Amino acid sequence: VTAENATEARALLKEHAHLISVMLSDVNMPGESGIELAEGVLRDYPDVAVLMVTGEDDPALAAKALELGAYGYVIKPFKQNELVINVANALRRSALEKESRRHTQVLEETVETRTLELRRTIAQLERVEHGLRVAQEDTINRLSRAAEEHDAETGAHIARVSAYAELLARRAGLEPQECELLRLAAPLHDVGKVSVPDHILRKEGQLDAEERRVIEEHCEAGFRILDGSQTRLLQVAAQIALTHHERVDGSGYPHGLVGDAIPIEGRILAIVDVFDALTSRRCYKPAFSMTESLDLMRRQAGKHFDPTLIEALGDSLDRFEAIYVANREEGPVSYTHLTLPTKVLGCSGGGGGGGG
C-alpha cells in the first residue's frame with residue numbers, strides 16, 4: 001500500500017497495522033517530514049520495520065534516523081537488489097526483535113508468576129512457623145506450669161523471670177533472636193524440680209545436708225529432661241536448667257563452673273531469678289524494694305553474679321520495675337528457697353536451700 005504523505009500513512013497503519021511488516025518512507029515529503037513520521041511509527045507500531053529513503057547523502061540525517069530506530073537508510077538512486085537486500089535485512093531484524101520481545105514478555109510473566117508463587121509459599125511458611133512457635137511456647141508454658149504446681153510458684157513469677165531475662169539479655173548485647181529464645185526458654189529453668197519430693201521442696205524450715213543435696217539435683221534433672229532436642233529453643237532451655245545455679249567464683253552447682261565458662265544464659269537466669277525472689281514476698285520474708293535488692297546483689301558481684309550483668313540490671317532498674325508492676329504477684333505466697341546466704345539477706349526463714 002502507498003501513501004502520499006504522513007497523514008495518509010498513519011491512516012493506513014491504523015487500519016492495516018496487523019498486515020504491514022515494513023514501511024519505506026522518504027525523508028522529504030509534503031507537510032510533515034519522514035523523520036517525524038518514522039518517530040511516531042516506531043513508537044506506536046513497534047512491530048513495523050522502518051526504512052528511510054532519501055536523495056541526500058547526509059551523515060547527520062542518517063545518524064538521526066538510525067538513532068530513532070530506523071532499520072536502514074537508502075540513498076537514491078538505488079538498484080533494485082540493493083532495496084531488496086535492505087528490506088530482507090529489515091524483516092530479519094524485525095523478526096529477531098519480535099522474538100526477543102516475546103521472550104522478554106514470557107520471561108516477565110514467568111518471573112511474575114514465580115514471584116507470586118514464592119510470596120504465597122513464604123506466607124504459608126510464615127503461618128506454619130508462627131503455628132510452630134505458638135505450639136512451642138504453649139508446650140513450654142505447660143511444662144513450666146507443671147513445675148510451678150509442684151513448687152507452689154506462681155504464673156506471675158514465671159512471667160516476670162521471662163521478661164527480666166529478655167530485658168537483661170538485650171542490655172547485655174545479645175542478638176534479638178537469642179533474646180527471644182531466652183524469653184521463651186526461661187520458664188523451664190526449674191523444670192527439674194518435678195523430681196524433688198514435695199516434703200523437701202515445700203519445707204519451711206532449714207534444709208539439712210541430705211535435703212540440700214536432693215534439691216540441688218534439680219539442675220541436672222532439668223537438663224536430662226530437656227537435653228537431646230534438635231531445636232535451638234530446648235537446647236537453650238537445657239543449658240539454663242543446668243547452669244542457673246552456677247556462680248562466677250566457682251562456688252555454685254552442679255559443676256562449679258567459673259566466670260565465662262558459665263553460659264551467658266545461665267548467668268542471666270542466675271541474676272533475674274534471685275532478683276525476682278528478693279523483690280517478691282515469701283512465706284519467710286517480705287518483699288525487698290528494687291533498690292534494696294540491687295544493693296544486696298551488688299555485694300555478690302564477682303562472687304555469685306557476673307559483675308557486668310549486675311551493672312546492666314542497675315542501669316535498667318526502671319524497666320525491671322515496669323515489668324514487676326505489669327506482673328504483680330497473685331495467689332498464695334511461694335516457698336521457693338533463696339540461694340543467697342541468709343546473713344546477707346538479713347532474714348531467717350526459707351532455709352537457703354538453693355531451689356529458687
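User: Which residues are linked in a network of salt bridges?

Analyst: You are looking at a predicted model: local features need pLDDT of at least 70, side-chain atom pairs count only at pLDDT 80 or more, and totals for chains, interfaces and linings use all residues. Residues are numbered from 1 along each chain as its sequence is written, and side-chain values use heavy atoms, with hydrogens and water left out. A salt bridge here is a side-chain nitrogen of Lys or Arg within 4 Å of a carboxyl oxygen of Asp or Glu. Salt bridges join into a network at Glu210, Arg213 and Glu217.

User: How many salt bridges does the count come to?

Analyst: One of them links Arg232 with Glu178, whose closest N and O atoms are 3.0 Å apart. Another joins the side chains of Arg183 and Glu180, at 2.8 Å from N to O. By the rule given above, the count is 17.

User: How many residues apart are Arg232 and Glu178?

Analyst: Their salt bridge has its closest N and O atoms 3.0 Å apart. It links distant parts of the chain, as Arg232 belongs to helix 10 (residues 232-243) and Glu178 to helix 6 (residues 176-185). Helices (H or I, at least four residues) and strands (E, at least two) are DSSP runs, numbered from the N terminus.

User: Is Arg183 in the partly exposed class or the buried one?

Analyst: Let's set the classes: buried means under 20% relative accessible area, exposed over 50%, and partly exposed in between (1.4 Å probe, protein chains only). Arg183 sits three residues from Glu180 in helix 6, so the two are separated by about one helical turn. Glu180 has a relative accessible area of 31% and is partly exposed. The relative accessibility of Arg183 is 22%, so Arg183 counts as partly exposed.

User: Are Asp306 and Arg267 buried or exposed?

Analyst: The side chains of Asp306 and Arg267 meet in a salt bridge of 2.7 Å, N to O. Asp306 is in the loop between helix 12 (290-298) and helix 13 (307-315), while Arg267 is in helix 11 (residues 264-279), so the bridge ties together parts that are 39 residues apart in sequence. Both residues are buried.

User: Where is Pro77 found?

Analyst: Most peptide bonds are trans. The bond from Lys76 to Pro77 is cis, with omega near -5°. Pro77 belongs to the loop between strand 3 (72-75) and helix 4 (80-151).

User: What is omega, roughly, for the bond that joins Tyr253 and Pro254?

Analyst: Pro254 is placed in the loop between helix 10 and helix 11. The peptide bond between Tyr253 and Pro254 is cis, and its omega is about 15°.

User: Which element gives the most to the lining of the largest pocket?

Analyst: A pocket is found on a 1 Å grid over the protein atoms alone: it is an open set of points where a 1.4 Å probe fits, with protein on both sides within 12 Å along at least five of seven lines, and its lining residues have an atom within 4 Å of a point. Of the 16 lining residues of the largest pocket, Val1, Thr2, Ala3, Met23 and Leu24 are closest to its centre. Helix 1 (6-16) and strand 1 (22-26) each supply at least two lining residues. With five residues, the biggest contribution is from strand 1.

User: Which elements do the buried residues of helix 2 pack against?

Analyst: Helix 2 covers residues 34-44, and its buried residues are Gly34, Ile35, Leu37, Ala38, Gly40, Val41 and Leu42. Packing rests on contact, meaning heavy atoms within 4.5 Å. These buried residues pack against helix 1, strand 1, strand 2 (49-54) and helix 3 (59-68).

User: What percentage of the residues of the chain count as buried?

Analyst: The chain has 15 helices and three strands. Not every residue is buried: Pro176 in helix 6 counts as exposed, at 63% relative accessibility. Of the 356 residues of the chain, the buried share is 43%.
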